[in-house]
Every structure is written in structure tokens, then in C-alpha cells.
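Grab a pencil and work through these exercises with the structure open beside you. Try each task before you read its solution.

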Amino acid sequence: MFTITACGLQHLDALLAVEKEALDTLERPDLLRRNTEQMWRACLQEPHLCLGAWVGEELAAFAVLYVPQPDDGEALAPLLTQVDAAGYRAAHFKVCIVRPQWRGHGLQVTLGRQLHREARNRGYNLLCATASPHNTASIKSLQRLGYRADHTLTKYGFERTLFFCFN
């Protein structure tokens, strides 16, 4: 039913449309953070990876493996309290957004598993993610992918739970 492929800059408008639709339908806007177009452009280029789940020509969902750079201030691994991140190569399961009509098809976990495989192939052995403590769907998906909660912090202007898993 779904075709999963890497997304590039040519898919930026489709990603922005999925993000807008998802945010517009949330009861609580703090469950998902809106990214800047600059951040999306970065996520669509190496060393990051964006995977899209397509139904025909429609982008049903997408997820991003984000590789923090020394100067971007995005690194989550140094914020972990239960793991000494030294000696690990860390990346992030940054975001997974699913169009409302495609929720309930397991796309967060499916895309997450593919991103985990790609991260492993690239040598990343520690993955981090954040989620709103009230976003039960994302938390359940992260747990199904093997993530454990580390602690709650303020990140991106919202209360977030920091998660990690060994890859």
C-alpha cells in the first residue's frame, strides 16, 4: 500500500503541506513543534535523511534521521542523564509526521525502523528523540522502537521528554 523512498529538496512543498495539515488538526498545538523552512531544507540534505511514505503521488507521512552538527546546537545526546554519550555516535529520530487520514497504519514505527536500519548502516549506535509528555501516540511509537525515557526538559520552547535507544 505504501511506497517508502528518500525525500529530497524537490519534496519540500509536500513536507510543508503534511506538516501544516497535521498541525492544523491537533487539539493541542504543543504536541508537535513547527519547524522552520530552513530546518526542513537541512533535513532534506546529507548528512540527514528524510523518508517519505507515499500512496501513489500523495505523501502520507515522513520521518527524519537528523545528524547534529557541532555548530547547530541541536545535539540531544549530551543532554542525556541515564547514559554517558561519550564513545557513541549519536543521531536523532527527529520527527515523524503522518497525515490525519493515514494515522493508525503504523507509519511512525515503519518509518522509524527503516531510519534505524539506515542509522546503523551509517555507524550511529545511539539514537535520541523528544516528544511532548502528552503525545501518547508518539510515545507509544517510540517505545515500540525500543526507546526509553530519560527525563523531561524544556526544548524548542515546550516541555519535552527526552528518549534514547541503542542501535
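**Exercise 1. Find Glu-57 and decide whether it is buried or exposed.**

Step 1: Look at the loop between E2 and E3, and there you'll find Glu-57. Helices (H or I, at least four residues) and strands (E, at least two) are DSSP runs, numbered from the N terminus.

Step 2: Now the accessibility. Glu-57 has a relative accessible area of 78%, so it is exposed. The cut-offs are: buried under 20% relative accessible area, exposed over 50%, partly exposed in between (1.4 Å probe, protein chains only).

Step 3: Glu-57 and Thr-3 sit 54 residues apart in sequence, and their C-alpha atoms are 9.9 Å apart in space.

Before going on, some ground rules: this is a predicted model, where local features need pLDDT of at least 70, side-chain atom pairs count only at pLDDT 80 or more, and totals for chains, interfaces and linings use all residues. Residues are numbered from 1 along each chain as its sequence is written, and side-chain values use heavy atoms, with hydrogens and water left out.

**Exercise 2. Describe the whole chain: how many helices and strands does it have?**

Step 1: Count the elements, and you get 4 helices and 7 strands. From the N terminus on, they run β-α-α-β-β-β-α-β-α-β-β.

Step 2: Compare the radius of gyration with the globule rule. A compact globule of 167 residues would have a value near 15 Å, and the protein chain has 15 Å, so the two agree. (The radius is taken over C-alpha atoms, and the rule is 2.2 Å times the number of residues to the power 0.38.)

Step 3: Along the principal axes, the C-alpha atoms fill roughly 45 × 35 × 30 Å, and 50% of the 167 residues count as buried.

Step 4: Look at contacts, meaning heavy atoms within 4.5 Å. Among those between residues at least 6 apart in sequence, 70% join residues at least 24 apart.

**Exercise 3. Explain why Ala-63 counts as buried, and list what it touches.**

Step 1: Ala-63 belongs to strand E3, residues 58-66.

Step 2: Its relative accessibility is 0%, so Ala-63 counts as buried.

Step 3: Leave out residues up to four places away in sequence, and Ala-63 touches Leu-49, Cys-50, Leu-51, Phe-93, Val-95, Cys-96, Leu-111 and Leu-115.

**Exercise 4. Which residues have the most contacts inside the largest nonpolar core?**

Step 1: Know what you're looking for: a nonpolar core is a set of buried Ala, Val, Leu, Ile, Met, Phe, Trp, Tyr and Cys residues joined through side-chain atoms within 4.5 Å.

Step 2: The largest one has 28 residues, and Phe-93 and Tyr-147 have the most contacts inside it. Elements that each supply at least two of its residues include strand E4 (90-98), helix H3 (107-121) and strand E7 (158-166). H3 gives the most, with 5 residues.

Step 3: Zoom in on Tyr-147. Among the residues it touches, beyond four places in sequence, are Phe-93, His-116, Leu-142 and Phe-163.

Step 4: Apart from this core lies another, of 19 residues, including Leu-12, Leu-44, Leu-59 and Ile-97.

**Exercise 5. Where is Asn-125, and what does it contact?**

Step 1: Go to the loop between H3 and E5 to find Asn-125.

Step 2: At 27% relative accessibility, Asn-125 counts as partly exposed.

Step 3: Setting aside neighbours within four places in sequence, Asn-125 is in contact with Gly-87, Tyr-88, Arg-89, Cys-165, Phe-166 and Asn-167. Take Asn-167 from that list: it is 42 residues from Asn-125 in sequence, yet 4.4 Å away, C-alpha to C-alpha.
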